[in-house]
Amino acid sequence: MTRLDSPRVVAYAGLAAFGLIAGLVVGRVELVALAAPFALAAVVGAALVRDPEISAAIALDRDRALEGEDVHVSVELSAPAGADRVEVFLPLPSELRVPEGNPRAVALSKSRTLDVAVQCERWGAFAIGPLLLRSRDRLGFHSWEAQIGAARPLRVYPSVETVRTMLAPLETQVFIGNQTSRAKSEGIEFADIRGWVPGDRVRSINWRATARRGELHVNQQHPERNTDVVLFLDTFTDVRTGGRGTLDMTVRAATSLAHRYLERKDRVGVVSFGGYLSWLLPASGTRQLYRIVDSLLQMDIVLSFARKGIDILPPRTLPPKALVLALTPLLDARSAGALLDLRARGFDLVVIEVSPVPFVRPGSDELAKLAYRLWRLSRESLRMRYEQAGVPVVEWVDGEPLNVVLEEVTAFRRHARPARA
Amino acid sequence: MYAGELAYVWTRDPGLAPITAAIGVSGGVLLLYGLLFRADDVMPWPIVLLGIAYAIPLFVRGSGIDEGAPLVGAGLLLCSELAAWSFDERWRITAERAVVVARGTAVALLVLAALGASGLVLALAAAPIGGGLAWTALGAAAAVLVVGLAARLGR
């Protein structure tokens, strides 16, 4: 531990020396009496130099938590000879908060365990620790400081919204899943009746229709298939106000959607399109959910001026017939261009506009108000471009349930059919 | 505490009150400045100034021994310790009650011990043990020892 001495000890010794010499020179014992308390304090100060040799360890009650939950951090302190006053400070990122007791000063006899309740206010991957410790002697003449304890990882997952309405893709994949395909084949849900052809199974004959029409008719069903869903996240910019922002909304929505689609046995992939490009190939299962959530935790805004298109993505990232769900604040021209490019290539695209408008305050002067109006108009214009390209764009405002937005898209796409070039 | 000490110094010799008051008040202003602006490096100066204000009447027209000297010395130490405590609490640190009580007790014990030591000095000075070169040399040696200690701590 690094020792720091209070300048008081030196000052006391200096005052004592000054008083003693002045007393000798002037020949007044009162000055010596005046100096004596400071001499005693200096001697006491010099006698209190003793390294407390504190050791500490940090342990978390769990290494994964949800937004809004509390994680308890146990801080084990031990000092063979004890310490009069130990100040313990647990440095935390701004997303985590300790309501009270950080830093705190405690007395340490030999060993002691402190419990620190940490509130997880925002999602992310964090490291808790090392501890900052400062020990003082009883009179505060000397202090010892050190950084002790290994950092412990903590992953805070974004809270998941309840999503009831799932967007159905225009085309399904060939594997079995929970999504009723529009195609007609073997399945559970009734689709149509047609005339019998050689090769049809006897069990599929609709006897009632056959009796009425005088010739063999068979039932057709919609098969249950899975879908490929690609969550396209625009991470070029983040607009934040008061602890909430578009990136938070994007990550929460992506987590909720990935969770629900994977529950339905669909394959889900993620493309983070921003200053820092990352992707996860579509896959299904619980492991994929953890992969997606872990990749979302690393998501951050990285400033970049590089021109980027979808050409830089590996082809397998965007499989054919995949439903591309884009979560974008519609602020960066590069992501807008990439999405229009995807549409031009025939992808089934839905744009969920994570609205930055609630996070932006119009200025007070006329010029700022004009700029704000122009900005809103340019957003309207971009929205129109998507709609002209046949892409449903729906605005998601902070505080509104994601389910409402998805219902809106479902209503828009009710009679939609895949476009063929 | 500082104001009480200043009042004692001021009332001891009303003839020199303007000078002692001026020096003492300037020390008080420095103390207030140090506490308000967290300037702990000015803290020895209020103590030194009050000590000078106390010493001036002794030097100018002192004849008998002032029995209040141990109280003045212990009071100055208490002032300094309380100011230092205030500086240590400048950061918002939640302290356990036991820690606060321990420091308060330690300060009280130190001040009481200082009062005792100071009183012992006065008692020894009043004791009829005579004077002479040996005692002066012993006093000088004590002064040199304390200066040496100060220099060692200063390094």
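Buried area is the accessible area, taken with a 1.4 Å probe, that two parts lose on being put together, summed over both. In this predicted model, in which local features need pLDDT of at least 70, side-chain atom pairs count only at pLDDT 80 or more, and totals for chains, interfaces and linings use all residues, domain 1 of chain A and domain 2 of chain A bury about 980 Å² between them, 55% of it on carbon and sulfur atoms. Residues are numbered from 1 along each chain as its sequence is written, chains are lettered from A and ligands numbered from 1 in the order in which they are written, and side-chain values use heavy atoms, with hydrogens and water left out.

**Domains of chain A**

- Chain A is divided into domain 1 (2–48), domain 2 (55–157), domain 3 (187–222) and domain 4 (228–415), with bounds that come from an automatic or database domain assignment.
- The C-alpha centres of domain 1 and domain 2 of chain A lie 38 Å apart, and their contact (heavy atoms within 4.5 Å) takes 13 residues from domain 1 and 8 residues from domain 2.
- Between domain 1 and domain 2 of chain A the count is 0 salt bridges, a salt bridge being a side-chain nitrogen of Lys or Arg within 4 Å of a carboxyl oxygen of Asp or Glu.

**Interface of chain B and chain A**

- Chain B and chain A bury about 3900 Å² between them, 75% of it on carbon and sulfur atoms, and the contact takes 53 residues from chain B and 46 residues from chain A.
- The rule finds 4 salt bridges across this interface, while the count over all chains comes to 33.
- B:Glu81 and A:Arg8 meet through their side chains in a salt bridge (3.0 Å, N to O), a pair that crosses from helix α4 of chain B to helix α1 of chain A; helices are DSSP runs (H or I, at least four residues), as are strands (E, at least two), numbered from the N terminus.
- A salt bridge also joins A:Arg136 to B:Asp88, with the closest N and O atoms 3.6 Å apart.

**Second largest pocket**

- A pocket is, on a 1 Å grid over the protein atoms alone, an open set of points where a 1.4 Å probe fits, with protein on both sides within 12 Å along at least five of seven lines, and its lining residues have an atom within 4 Å of a point.
- The second largest pocket has a volume of about 460 Å³, and of its 27 lining residues the closest to its centre are A:Ser6, A:Pro7, A:Arg8, B:Asp40 and B:Asp88.
- The lining draws at least three residues from each of domain 1 and domain 2 of chain A.

Terms used: Grid points are joined across faces, edges and corners, and a volume is the space filled by probe spheres set on the points.
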